[in-house]
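Please look over the model below, which is shown with its sequence. The questions that follow take up its parts one after another.

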Amino acid sequence: MIDGLGQAKAVRTEAVRTDAVARTAAPATIRKPVAEGAASTKGPAARLAAEGPPIDSAKVDAIRAAIADGSYRIDPDAIAAKMIDADLGEVR
């Protein structure tokens, strides 16, 4: 039940917060670092994760240059169409 509106007592709220944190805090887990090359022996997913995403540096440089000189155009219709296709796939 609410007794009234107004500022809560700082002592009460801090005590409640501290108690809630103490009850819900999970102990920290420590992970050991993986040795270099170990990921390659675990399978293709681990290898791909270790290599990172494929990046076309020439394309990135071309886009940066176009942005810098003001010639980079954004086509909102094309972006929207690709977002819809990614979401709906072959349903449409």
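Q: Is Glu 51 buried or exposed?
A: In this predicted model, local features need pLDDT of at least 70 and side-chain atom pairs count only at pLDDT 80 or more, while totals for chains, interfaces and linings use all residues. Residues are numbered from 1 along each chain as its sequence is written, and side-chain values use heavy atoms, with hydrogens and water left out. Buried means under 20% relative accessible area, exposed over 50%, and partly exposed in between, with a 1.4 Å probe and protein chains only. Because its relative accessible area is 53%, Glu 51 is exposed.

Q: Which residue forms a salt bridge with Glu 51?
A: A salt bridge is a side-chain nitrogen of Lys or Arg within 4 Å of a carboxyl oxygen of Asp or Glu, and a search of the whole structure finds one. Its closest N and O atoms are 3.3 Å apart, and the partner of Glu 51 is Arg 47.

Q: In which helix do Arg 47 and Glu 51 both lie?
A: Helices (H or I, at least four residues) and strands (E, at least two) are DSSP runs, numbered from the N terminus. An α-helix has 3.6 residues a turn, so residues three or four places apart point the same way. Arg 47, partly exposed with a relative accessible area of 38%, lies four residues from Glu 51, about one turn of the helix, and both belong to residues 44-51, helix H2.

Q: Which helices each supply at least two residues of the nonpolar patch?
A: Patches are made of residues with over 30% relative accessible area and no salt bridge, where like charges are joined within 9 Å and nonpolar side chains (Val, Leu, Ile, Met, Phe, Trp, Tyr) within 5 Å. The nonpolar patch covers about 610 Å², and Ile 63, Ile 67, Tyr 72, Ile 74, Ile 79 and Met 83 make it. Ile 67 is found in helix H3 and counts as exposed because its relative accessibility is 53%. The helices that each supply at least two residues are H3 (57-69) and H4 (76-88).

Q: Which residue follows H4?
A: With 13 residues, H4 reaches 18 Å from its first C-alpha to its last, close to the expected 18 Å, a span taken as 1.5 Å times one less than the number of residues. The residue after H4 has a positive phi, near 65 degrees, and is Gly 89.

Key:
Areas by Shrake-Rupley, 256 points an atom, 1.4 Å probe, with all protein chains shown as cover.
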